[in-house]
Amino acid sequence: MIDMASLLAVLPELILTVGGLILLLTAAFGGEGTARVVNWLSVIALALAGVALCCSLEHGPDAFGGLVRADAFSVFAKALIYGAAAAAILLAPRFFAVGHAVRPEYPVLILFAAVGMGMMVSAGDMLTLYVGLEMNSLASYVLASFMRQDERSSEAGLKYFVLGSLASGILLYGTALLYGFTGSTAFDGISLALADGVSKGELFGLVFVLAGLAFKISAVPFHMWTPDVYEGAPTPVTTFFASAPKVAAVALTVRVAIEALGPAGLDWQQIVIFVALASIIFGAVAAIGQTNIKRLMAYSSINNVGFALIGLAAGTPAGVAATMSYMAIYVLMTIGSFACILQMRDAQGNPVETIASLAGLSQSRKGLSAAFAIFMFSMAGIPPLFGFWAKFLVFDAAVAANLAALAAIGIAASVIGAYYYLKIIKTIYFDEPAAAYEARGGAVENVILTACAVVIVLGYLLNPVLDKASAAAAASLF
């Protein structure tokens with residue numbers, strides 16, 4: 001049933017949908033000359049959607065007969081998604097200007113992807129989940145191949161489409177199995193059916209659903225698309241893929257595991273523990289030999305997803321809160337890192353992606369070098385930077401849930417991951433200088449990376465706010 005309360009619950013999605021359609025028509029009739037205006041209007045639309053989250057929370061928690069959840073968890077996740085999407089839009093114009101590929105479709109596609117991601121994190125039913133997932137995926141396939149004249153970009157889009165379609169099929173098959181054996185697609189209905197005991201059919205459905213979701217968060221062993229897509233896609237698109245959709249997919253996985261599959265906790269906990277450890281270890285080891293910084297960031301994202309899943313493996317409110325706090329800090333580190341990567345340009349302004357080109361950067365670009373060092377140290381989990389707090393939270397939650405062995409292995413594996421982060425810092429500060437980069441970075445890039453670096457360094461001052469918000473988000477699922 002559609003009523004005013006339900007419409008207010010999805011007000012952010014309505015704003016983004018209407019804004020996206022208006023901007024799409026603006027781009028269609030105005031041509032490429034409208035790119036700058038559409039860019040800024042898209043950011044304003046995301047900001048308005050962020051403000052509208054307050055309205056959606058006041059009229060929750062359920063809307064449209066339980067198809068949509070408007071709770072603190074969805075608000076927390078959407079705030080991260082909209083912020084990351086806005087950053088990806090703001091970072092793009094200077095990159096695309098080099099190849100004269102500045103087109104207004106880019107921010108519009110991100111708006112429609114944000115609508116899908118909002119539906120994902122607010123889903124209360126497997127049907128809503130699937131519609132949101134596909135809306136995000138369809139926009140993402142186009143974004144990956146956005147630079148049509150670039151062979152790598154076209155290849156990335158094709159790989160993402162083929163493997164993404166396979167994962168969607170796996171997820172849909174798992175949904176069909178759960179519906180067949182539980183008689184419901186609603187999260188509450190599935191949970192109620194599983195409370196009577198998990199049959200073999202329900203277990204198969206559970207496994208297929210988690211496999212499909214593991215692809216979306218690029219967790220091992222469903223990570224194979226990530227390095228190629230991250231490397232081939234335009235760097236602003238890679239920035240987007242590594243942040244907003246990652247938050248949406250992790251939040252969706254958490255909601256499905258806790259709300260729909262909660263009574264089968266012992267069954268999915270084993271799967272999540274395996275996926276978490278495999279992602280942490282593989283992401284750390286595979287990144288060591290990388291020479292392309294975007295591929296290294298792809299393996300870094302796989303590694304970070306593994307750490308985030310440790311909180312989910314705990315299956316407690318504290319564990320879920322730790323996972324969401326981890327994703328908030330991860331988004332800051334990722335956006336900041338890619339803002340630095342976007343400044344890797346040769347004297348002609350063309351993008352450079354090799355790690356070797358960073359050699360001796362500290363002698364010519366001291367500010368950029370310091371920002372790189374902050375983000376790499378933080379991702380390695382070196383105290384007192386904010387990245388250390390993220391890892392501490394998930395390990396603490398695991399220990400409290402009697403998963404000390406999982407936490408110990410995670411801590412040991414994080415040492416491996418620290419190697420390739422420190423290798424970048426060593427290249428910047430101690431190697432013989434390579435060819436100098438372009439003399440100046442973009443103003444927007446500088447503002448974003450400075451803001452992210454300041455938060456990473458002084459983040460502990462925000463701990464009371466972050467802890468309270470993540471705790472409220474987690475509590476709404478239990």
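The following legends describe close-up views of a predicted model.

**View 1. Helix H15 and its surroundings.** Helix H15 covers residues 317–341, and its 25 residues reach 36 Å from the first C-alpha to the last, close to the 36 Å expected at 1.5 Å a residue. Because 22 of the 25 residues of H15 are buried, the helix is largely enclosed by the rest of the structure.

View 2. The structure holds 20 aromatic pairs. One aromatic cluster is formed by Tyr 141, Tyr 160, Phe 161, Phe 215, Trp 225, Tyr 230, Phe 240 and Phe 241.

**View 3. Charged side chains over aromatic rings.** The charged end of Arg 103 sits over the ring of Phe 146, 4.4 Å from its centre, while Lys 391 lies over the face of Phe 307, at 4.7 Å from the ring centre.

**View 4. The largest cavity.** Of the 2 cavities of 30 Å³ or more found in the whole structure, the largest has a volume of about 120 Å³. Its lining comprises 13 residues, of which Tyr 160, Lys 216, Trp 225, Pro 245 and Lys 246 lie nearest the centre. Helices H7, H10 and H12 each give two or more residues to this lining, with H12 giving the most, 4 residues. By class, the lining has 8 nonpolar, 3 polar and 2 charged residues.

**View 5. The second largest cavity.** This cavity holds about 50 Å³ of space, and the residues lining it include Phe 95, Thr 235, Ile 341, Arg 345 and Glu 353. Its lining has 6 nonpolar, 1 polar and 2 charged residues.

How values were computed. Residues numbered from 1 in each chain as written. Predicted model: local features only at pLDDT ≥ 70, side-chain atom pairs only at ≥ 80, totals over all residues. Heavy atoms only, no water. Expected span 1.5 Å × (residues − 1). Buried < 20%, exposed > 50% of the residue type's maximum accessible area, 1.4 Å probe, protein only. Phe/Tyr/Trp six-rings, centres within 6.5 Å; stacked < 30°, edge-to-face > 60°. Lys NZ or Arg CZ within 6 Å of the ring centre and 35° of its normal. 1 Å grid on protein atoms, 1.4 Å probe; cavity = no way out; pocket = protein on both sides within 12 Å on 5 of 7 lines; lining within 4 Å. Points joined across faces, edges and corners; volume = space filled by probe spheres on them. Nonpolar A, V, L, I, M, F, W, Y, C, P; charged D, E, K, R; others polar.
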